[in-house]
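I opened the model to look up a few side chains and the confidence scores. My notes follow.

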Amino acid sequence: MSKRKYTHIQEILPEIQAMIANGKSSREIKEFFVLTGDRPVHNLLKRERRKDNAMAENFFSILKTECIYRHLPATLDEARILIDNYIYFYNHQRIQLKTGVTPLALRHSS
């Protein structure tokens, strides 16, 4: 990778991150900026996607540990009800230690 391509990627990094946040694919981003060197963009996109997945991975890990493995639903309908109830609890009733309020109350306060 040449120094020039790396500098170019760094110059447009905020725009690329905004496009990733809006759900644009790597192909759309490459076409938008007319980038020819795939490796810098590919590596950047992989790094950004990893950050986005961390919160979802954490939530699903907690969901499985605290809900699914603890209750072991027998049917698919029972699993759906358990998951719905847990998501409601997670957003509306669970108090966060760091903030002292529920996530929904925190979102509504800002």
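I looked up D77 and found it exposed, with a relative accessible area of 51%. For this I used the following cut-offs: buried is under 20% relative accessible area, exposed is over 50%, and partly exposed lies in between (1.4 Å probe, protein chains only). R80 counts as partly exposed, at 48% relative accessibility. The side chains of D77 and R80 form a salt bridge, with 3.5 Å from N to O. The rule asks for a side-chain nitrogen of Lys or Arg within 4 Å of a carboxyl oxygen of Asp or Glu, and by it I count one salt bridge. The two residues are three apart in helix 4, so about one helical turn separates them. Helices are DSSP runs (H or I, at least four residues), numbered from the N terminus.

The model is predicted: local features need pLDDT of at least 70, side-chain atom pairs count only at pLDDT 80 or more, and totals for chains, interfaces and linings use all residues. Residues are numbered from 1 along each chain as its sequence is written, and side-chain values use heavy atoms, with hydrogens and water left out.

Next I checked L72, which sits in the loop between helix 3 (38-71) and helix 4 (76-93). Its phi is near 45°, a positive value in a residue other than glycine. Most residues other than glycine have a negative phi. L72 counts as exposed, at 63% relative accessibility.

Last, I looked at pLDDT, the predictor's confidence in each residue, from 0 to 100. The protein averages 75, and 68% of the residues score at least 70. Among its elements, helix 4 has the highest mean pLDDT (90) and helix 1 (residues 3-21) the lowest (64).
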